[in-house]
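Biologist: Please go through this model with me, starting with the charged side chains.

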Amino acid sequence: MTRETSKLNRRAFLAGTALCLSGTAVSAQMKVADLRGSIDSAELGLVPNASDDQTAQFQNAVNRAVERGRALFLPAGTYPVANLRLPSGTLIVGVPGRTRLVYQGGGGQLIRAEGVSNIGLTGLTFDGANRSIGDFTEGLLHFIGVRNAVLDNCEITGSSKMGLVMDRCSGRVENCRISGAAEAGLRSNEAVGLAITGNTVTDCANGGIWVHRWREGEDGTIVSGNRVERIGARYGGTGQFGNGINVFRAHGVMISNNRIADCAFSAIRSNTGSNVQIIGNSCLRSGETGIYSEFGFQGAVISDNIVDGGTTGISIANFMDGGRMAVCSGNLVRNISDVGPYPSEVAGFGIGISAEADTALTGNVIEGAPKFGLLLGWGPYMRNIAASQNIIRDCGTGIAVTVVEGAGPAVITNNIVQGAKSGSINGFRWLEKVTGELNNASEFDNLTIQGNQIAA
C-alpha cells in the first residue's frame, strides 16, 4: 500500500468515524428533544409514590397528553392504578426499572387498548402483584386490534393470568422482561405484522411465548433473539402447555437465534404451523421433545439448532394428520433421555431425530440417544425420506426405519454410525426390530441403503 493510499484510507476512516459520532449525537439530541417535548405527569396532578389509588389521575394525564400530541413522562416511583384505557397516539415514557405501575386488583386488569393505533410504552414496569384479574380478559395487559403497538424496555411481572396478550395486533415487543405469569408470559393471537425480539421471559407457570391463531392462516410473526427460561406446565397434559415458544395454527412464523432452557415440555413446539422456520436456536434441558413440528403442517425448515437434553431431540411428525415436507439440517442433538414427564406413548422416549414424510435429513450430528439416533417413519406412515451425511454416535439403534407394509420410499446413504448398542441400521415394525443389519435393502424395494460407514 502506498503512502498516499494510506493517507486516503486514514482520512476516509476519520471522516466515517466523525459521521458516525455526529449521527450518534444527533440521535441523542433527538431523544432529548423528544423527552423535553413530553409532559411531566406531575403537571397533570399525577405524582409518584402516592398511598391511594391514582387511576383517575393517571387516566386524565394520559388523555391530556394525547390531546396535546405529546409524550407523557413518568418520573421514578410507584403508581397504584387499575383498568387504564389507552387511546390512539398514547406514548408513555418512564425510568427503566424505577417507574412502576402496580395493579390494584378488584377483578379488572391493569391496561387495555382496543381498536386504536400507535401505542408506545417505554421504560415502564407493570406489576400485577399476583392480584385477581377479571374473567373478561386473559392478561394483565391486553391489546386488541391495535395497529403499531410498541413495548420497549418494559417489565411485566406478577400476573395472575398471562402477562401480555395481543389479539390481532401489529408492532413490536422488544427488550422487555416478562416473569412470574401464572399462565403464559406473552400470547399473540392472529397477529397482523408482529415482531417479538430481544426479550427475556422467565418463570412462567404454563408457557413462555405463544404465537396462536383462532383459525389456521398466515401469520408471519418474527420471534428472534429472545431468552426463555424455566417454563412450567401448570395445567399438565402431554405438551399443550409447558413450552418455551409455541406456534399453533400460525403459518410463516420465523423462530431464530433464541436461547430456551428448562421448559417442562418443548423448547419450541409448532403445531399446524406451515412454512415455519426454526433456525439457530439453543434448546437446553427440555422435559420432553426439544423441537417439534407436528400435526397438519406443510413446510418446515429446522436447521443449525443445538438441542442438548430432552426425551426426543427433534420430531417432525403426524403424517397421518397431514404433517409433511421439511428440511432438517445441520442440527446438533445430544444427551437425550428415555425418561419422560408422562407414561411412554407411541414410539416412546430416547430418540434423537424422527421424521415421517417428504423430509430431507442432512448433516445432523446426534450423540447419546438411548433408543434411536434416527427414526424414519412410523408403521405405514413414511414417504420420501432422505437421510444422508449424518453422524450418529453412542445411540441404542443408530438408524431405525419402518418396514411395515404400505410405507413409502426412503434413502439412507453416506451416514456414519458409531457405537450403536443395539444395531446400526435396522428395520422395525412399529417398535419391534424385525431385521438384522441393513447393509443393503434388496429385500425392501422401497429402501435404498448404501455408502454408510459403520464403526464400533
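Biologist: How many salt bridges does the structure hold?

Modeller: There are 20 salt bridges in the structure, a salt bridge being a side-chain nitrogen of Lys or Arg within 4 Å of a carboxyl oxygen of Asp or Glu. Please keep in mind that this is a predicted model, in which local features need pLDDT of at least 70 and side-chain atom pairs count only at pLDDT 80 or more, whereas totals for chains, interfaces and linings use all residues. Residues are numbered from 1 along each chain as its sequence is written, and side-chain values use heavy atoms, with hydrogens and water left out.

Biologist: OK, which residue forms a salt bridge with Arg 172?

Modeller: The partner is Glu 174, and the closest N and O atoms of the pair are 2.2 Å apart. Arg 172 counts as partly exposed, at 35% relative accessibility, while Glu 174, at 16%, counts as buried; here buried means under 20% relative accessible area, exposed means over 50%, and partly exposed is in between, with a 1.4 Å probe and protein chains only.

Biologist: And Asp 203, which side chain does Asp 203 meet in a salt bridge?

Modeller: Asp 203 meets the side chain of Arg 230, at 2.7 Å from N to O. This pair links distant parts of the chain, since Asp 203 lies in strand E18 (residues 200-204) and Arg 230 in strand E21 (residues 227-231), 27 residues apart. Strands (E, at least two residues) and helices (H or I, at least four) are DSSP runs numbered from the N terminus. Asp 203 is partly exposed at 39% relative accessibility, and Arg 230 is partly exposed too, at 40%.

Biologist: Which residues are linked with those two in a network of salt bridges?

Modeller: Arg 227, Glu 229 and Arg 259 are linked with Asp 203 and Arg 230 in a network of salt bridges.

Biologist: What about Glu 294 and Arg 269, how do their side chains meet?

Modeller: Their side chains meet in a salt bridge of 3.0 Å, N to O. Glu 294 is in strand E28 and Arg 269 in strand E25, so this pair ties together parts that are 25 residues apart in sequence.

Biologist: Is Glu 294 buried or exposed?

Modeller: Glu 294 is buried, with a relative accessible area of 5%, and Arg 269 counts as buried as well, at 6% relative accessibility. Glu 294 also belongs to the lining of the largest pocket, where it is among the residues nearest the centre.

Biologist: Then let's look at that pocket; what volume does the largest pocket have?

Modeller: The volume is about 870 Å³. On a 1 Å grid over the protein atoms alone, a pocket is an open set of points with protein on both sides within 12 Å along at least five of seven lines, a cavity is a set where a 1.4 Å probe fits but cannot get out, and lining residues have an atom within 4 Å of a point. Grid points are joined across faces, edges and corners, and the volume is the space filled by probe spheres set on them.

Biologist: Who lines the largest pocket?

Modeller: The lining has 40 residues, and Tyr 292, Glu 294, Ala 317, Asn 318 and Val 346 lie nearest the centre of the pocket. Among the strands that give two or more residues are E25 (268-271), E28 (289-294) and E31 (312-316), although the largest share, four residues, comes from E22. By class, the lining divides into 19 nonpolar, 15 polar and six charged residues; Ala, Val, Leu, Ile, Met, Phe, Trp, Tyr, Cys and Pro count as nonpolar, Asp, Glu, Lys and Arg as charged, and the others, Gly among them, as polar.

Biologist: Last topic, the overall picture: what is the secondary structure of the protein?

Modeller: The protein has two helices and 46 strands. Its C-alpha atoms fill a box of roughly 85 × 75 × 30 Å along the principal axes, and buried residues make up 54% of its 456 residues.
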